Amino acid sequence: MTTQPTYRLSQLDELEAESIHIFREVVAELERPVLMFSGGKDSIVMLRLAEKAFHPARIPFPVLQVDTGYDFPEVLACRDSWVDRLGVRLLVASVEEAIADGVVVDDGRTSRNRLQIGTLLHAIEENAFTAAFGGGRRDEEKARAKERVYSHRDEFGQWDPKNQRPELWSLYNGRLHEGEHMRVFPLSNWTELDIWDYITRERIEIPSIYFSHRRRVFERDGMLLSESEFNPLREGETVQERTVRFRTVGDLTLTGCVESEAATLEEIVEEVGASRITERGATRGDDRFSEAAMEDRKKEGYF
Amino acid sequence: MDLLRFATAGSVDDGKSTLIGRLLLDSKSIFEDQLEAVEATSRTKGYDYTDLALLTDGLRSEREQGITIDVAYRYFATPKRKFIIADTPGHVQYTRNMVTGASTADLGLVLVDARQGLTEQSRRHAVILSLLRVRHLVLAVNKMDLVDFDRATFERIRDEFAAFTARLNVPDLTVIPISALQGDNVVTRSENMPWYDGSSLLHHLENVHIAADRELRDVRFPVQYVVRPKSDEYHDYRGYAGQVASGVLKPGDEVMVLPSGLTSRIAGIDLFDREIEEAYPPMSVVVRLEDDLDVSRGDMICRPHNQPDQSQDVDAMVCWMTKEPLRPRQKLAIKHTTRSARAVVKDVQYRLDINTLHRDADTHELGLNEIGRVRLRTTQQLLTDPYEQNRVTGSFILIDEATGVTVGAGMIN
């Protein structure tokens, strides 16, 4: 018995096709794109999709990383491995240099995460980038759920949620005025589980800290933070060695880990599928300060 | 597992946010920290129950006003399907958002309050969904608990809606009595309505057959980008990247490139580092041709005996999305598939009253949130099919050249 072809794509293939379409559309229409790379799993999946979109040619735009000075060494190692393999140009915008140059002001109270905003906007302006790919997903957070795939930014890099361009079909509007840029989110329709399923299917190299390992950690504000010279202990905090992994990757002074035995991609997929807490809620100090934390940072020009 | 995209519509008080909250909660797509935040807010506000609508009201301005102001996208999955919900506000001034949400939807979900019955808005939603060629329509008659699960009430609304949609292009209509608040017929069949013998809403969403909706006959491949590696290894490689709009492409097929009209054969189809045997919508692939033709972005690959219309005259239903009205002689930018051009408005033939379906031919303008039949003349030929046959080659957006803002959405007749 022969079966008729169904001509239906799986959800991962459909998401992949949509993301590749977005990458190609931006490169065809916007002159100077750049990919914002955090070293996290989402930005690595973006790199993989960009690789697919232009194969066998090289990725026709550079990769920009905002270095907080507090990045996990494992993440930087993974970044270098990707950049070498793809032969893509890497630009690093350093928060420390931005502070030294007076681009942003470190008042001692503002987190590095927030200082990234000014550093990033400065790098975009300096390089005259007209489009910046970001790894944001709409399932991450309520403010993101309303953001377009092409998210228009004014000359101050600001997002105006009440004045977004309607986005219909797959017809993206990349029109810009002088000094404006577009944030583009090719992973808008992916969920955390889709990302993990895709990483598993494609056997994509990700930083080792996503996998279960022994680490010296301490508890702060209900989160497990990594022992580090950048993370001085406060009174009453004690360091213990635990078996943990990270669900998101960011500034190590703010990014917590979770206790986990998941040491393979398959085990991570199983754990994520069963998890009852959002990845940001569990492990990101930066999103927990207020209910509208992400909305506020996005308006200012956050990723 | 495949993907179903659906758009929801309802008035402010129809319980749409509650229903979405319920679907997310019962499919275990809501996480504990999200639920706890909503429970805490509900307690602070002194509600008797957890307000699931709080799960989806995204922006602070919305929370302050208690309404949803923009299209929001939600995600959930069951073992059978992944779902993307385009959640659009129902109130009158935001027709443009509903058009936006419906543009990518396979299915439209309209909510009515069982106590109110059909309203002007429910009719309007059905009209917009059918205009946007959403093939599958579900009417959820909500708040059945507040009418004592009364069968006659449900059937009256169902019959009235069926009579109304008979005038529209709605190939598949399903009507389901539910209570989003109590969960009746949302995920599991309700014991409170033994007289209802259809499936629950989630069961219907999981099983509705959408494969046949894809257009597989007419080959349409808008060229998006030319891949030329300029490396020693791939010195002579020249491939045409794009997303298949419709039809099935195979190596060896005879093809024509428009607008040049030159013909060739497909030498190969690449998906990253693999050569594949066939490409179909919505795959993003690279097509290589046997002959070295001059092909660039904005061109379209089709079959020699099955071509799209080629014309500078466009006749379309346009939804206008900005305050300043659309007027004759107005000049706009137009984006259609991968082709961008300029367009001038020749005339507005009529405005469609989306409540009564009356065609008002006395008007010569389209205001914000109005839909009408418009004729345009473009600076370049567009390669089009009627929207009714092809959502990709039948749709376009209009852009204000001064502000860069998307001001209109068009569906070609």
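Q: How many salt bridges are counted between chain A and chain B?
A: In this predicted model, the count between the two chains is 8 salt bridges.

Q: What makes the pairing of Arg5(B) and Glu18(A) a salt bridge?
A: The N to O distance for these side chains is 3.1 Å. The rule asks for a side-chain nitrogen of Lys or Arg within 4 Å of a carboxyl oxygen of Asp or Glu, so the pair gets the label.

Q: Which elements give two or more residues to the side of chain A that touches chain B?
A: They are α1 (11–29), α2 (41–54) and α9 (293–300) of chain A. α1(A) gives the most, with 12 residues.

Q: What else is there between chain A and chain B, in polar contacts and buried area?
A: You get 27 residue pairs in polar contact, both at pLDDT 80 or more. About 6400 Å² is buried between the chains, and carbon and sulfur atoms give 55% of that. On chain A's side, Tyr7(A), Arg8(A) and Trp169(A) supply 15% of the area buried against chain B, more than any other three residues.

Now for the inside of chain B.

Q: What makes Arg135(B) and Glu388(B) a salt bridge?
A: Their closest N and O atoms are 3.5 Å apart. The cut-off is 4 Å, so the pair passes. Across the interface of domain 1 and domain 3 of chain B, the rule finds 1 salt bridge.

Q: Which residues of domain 1 of chain B lose the most area to domain 3 of chain B?
A: The area buried between these domains is about 1700 Å². Arg96(B), Leu131(B) and Arg133(B) lose the most in domain 1, together 37% of what that side buries.

Q: Why does Asp184(B) have no salt bridge?
A: Arg22(B), the nearest side chain of opposite charge, is 8.3 Å away. A salt bridge needs the atoms within 4 Å, so Asp184(B) has none, although this residue is buried.

Q: How do you know that Asp184(B) and Asn192(B) are in polar contact?
A: Their side chains are joined at 2.7 Å.

Q: Where is Asp184(B), and what does Asp184(B) touch?
A: Look in the loop between β6 (172–177) and α7 (201–207) of chain B. Leaving out residues up to four places away in sequence, the residues touched include Phe149(B), Pro177(B) and Met193(B).

Technical notes:
Residues numbered from 1 in each chain as written. Chains lettered and ligands numbered in written order. Predicted model: local features only at pLDDT ≥ 70, side-chain atom pairs only at ≥ 80, totals over all residues. Heavy atoms only, no water. Helix = DSSP H or I, 4+ residues; strand = E, 2+ residues; numbered from the N terminus. Buried < 20%, exposed > 50% of the residue type's maximum accessible area, 1.4 Å probe, protein only. Lys, Arg positive; Asp, Glu negative; His and termini not counted. Polar contact = N/O pair within 3.5 Å; in protein donor to acceptor, adjacent residues only side chain to side chain. Contact = heavy atoms within 4.5 Å. Buried area = accessible area lost by both parts, 1.4 Å probe.
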